Amino acid sequence: MKIDIACVRFGDVHVIPVVSPKIALEVLRKMDATFASRPTSFAAYRFSRGYKSAVLSPYGDQWKKMRKILMSQIVCPKRHDFFLEMRTEEADHLFNYVYNKAKSYEPVDIRVVTRHYCGNLIRRLMLSKRYFGKPTHDGGPGLDEIEHVNALFNSLEYLYAFSISDYFPQLIGLNLDGHETIIKATSETLKKFHDPIIDERVRLWRENKGSVHQEPKDFLDILIMFRDREGRPLLTSDEIKAQSSEIMMAAVDNPSNSVEWILAEMMGNPTIIQNAVDEIDHIVGKERLVQEADIPHLNYLKACIREAFRLHPVAPFVVPHVAIEDTNLAGYLIPIGSHVLLSRLGLGRNPEIWHEPLKFKPERHLDGRNSELVLTEPDMRFISFSAGRRGCIAQTLGTVMTVMLLARLLQGFFWSLPEGLSTIDLAESDKNLYLAKPLVLQAQPRLPLNMY
Ligand code: HEM
């Protein structure tokens, strides 16, 4: 029998996984206002500094305030355009870093490349920093950047992880599964990197009453500068710190995971890589590097990314949606406080929706289409950015990050298996949905030498 919705009870909480697009649409569109809250948990409390940021805050004024600021000040079209140059510099930096590896015949760890491209880009946008310390000689991450990106991924892992004390709050403090120690240490690492920069910048802005720069130069400036009608700062230092960490966490995992999986899948399927490279050669050519302005025309690449979001989501479930009142969903009574878990895996691999669901087939997203393909999925047959009140605010930024990462890697380099390897093991990790072993490939330049 096919099951579209289930219910498991932990303590007082009804946890309700959903694998049908019809019910997912009901949650995100029709009953969006009812399922607009988030659960409380030790990890969420810690990383959001007491629920001060947008993703992790339960429904209420604080969430509304933070989400509104992000939408109107950080990811709005005007700011997105303003930061184009910075994003392009990071795409160029990625390209040069891989070229340095290629010309010295060193194997390329794709996980390092993809995660650090995301880490570099979001650090630049957020804090104007690619490096916390000194730049490295080959453009790769230094020890600080490795520690920082690991801490961001660690935070995400523990935000998603099952912990018994999240359902039995009386157990908080006993650290039964060891998560509390890890979460505290990880949040201290993030604070160690972010707080001194934020404190110093807040001091400069507040002392100089905002005159240190004419224009905000990064997301941090924007958060600090944001003022009410009387000219008073709207965000406290704690809110700025919580929101900054959260933006950095939100930006790193989806783009890097999907591009690593795409390259891994492509290694076993030369037609797919050829189609993608042919598209880039046709649209962009070999005499200039792919730019964000090309993205609307790169439908095959976007089909590959959609396929990676479908088959290899970064997490099994969307961040939980919590019912703010007793309600009815798909004919079932859902008590207030229930956690609805939209299953990214269950939707994306649902055999009722997808033919040969376990096969990586980008073409399935193109079916006779001439118009521009996008990464959003309004029908919820798989989840990319989700939708509704708690849907992702950064569809544009997330799209350009992911497409530019994939496009630059494919345009600039021939990719092959390292010596001694005949296939890529596509096994998932038994702890999460990442490739079990980081993907390592050999790169060879494929553009005229003057392009590097
Ligand atoms: C390809 C990249 C990205 C993907 C696929 C993605 C996906 C998602 C998903 C699935 C959610 C949960 C939606 C829900 O609960 O229904 C979400 C929420 C969110 N994302 Fe993204 N995201 C991406 C990049 C980003 C970036 C770069 C930022 C920040 C600049 C960001 C900021 C947020 C925020 C603030 C929320 C929570 C909104 C709320 O709870 O009100 N995301 N994202």
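Which helix does H116 lie in? In this predicted model, H116 is part of helix 6, which covers residues 110–127. Is H116 buried or exposed? Its relative accessibility is 8%, and since buried means under 20%, H116 counts as buried. If you look past the neighbours within four places in sequence, you will find H116 in contact with P141, E145, I146 and V149.

Now let's turn to the ligand and its iron atom. The only protein donor of that iron atom is C392, whose SG atom sits at 2.3 Å. To find C392 in the structure, look at the loop between helix 13 (344–348) and helix 14 (395–412).

Around the ligand there are 27 residues, and those that come nearest are W63, R67, H321, S386 and C392. Some residues place a polar side-chain atom by an oxygen atom of the ligand, as the table shows.

| Residue | Distance from its polar side-chain atom to an oxygen atom of the ligand |
|---|---|
| R38 | 2.9 Å |
| S386 | 2.6 Å |

Which elements give two or more residues to the shell around the ligand? They are helix 3 (61–74), helix 10 (237–267) and helix 14. Helix 10 provides the largest share, with 5 residues.

How values were computed
Residues are numbered from 1 along each chain as its sequence is written. This is a predicted model: local features need pLDDT of at least 70, side-chain atom pairs count only at pLDDT 80 or more; totals for chains, interfaces and linings use all residues. Side-chain values use heavy atoms; hydrogens and water are left out. Donors are N, O and S atoms within 2.8 Å of the metal (3.2 Å for Na, K and Ca); water is not among the atoms, so sites may look incomplete. Helices (H or I, at least four residues) and strands (E, at least two) are DSSP runs, numbered from the N terminus. Buried means under 20% relative accessible area, exposed over 50%, partly exposed in between (1.4 Å probe, protein chains only). Contact means heavy atoms within 4.5 Å. A residue is near a molecule or strand if one of its heavy atoms lies within 4 Å of it. A polar contact is a pair of N or O atoms within 3.5 Å; within protein, one must be able to donate a hydrogen and the other to accept it, and residues adjacent in sequence count only if both atoms are side-chain atoms.
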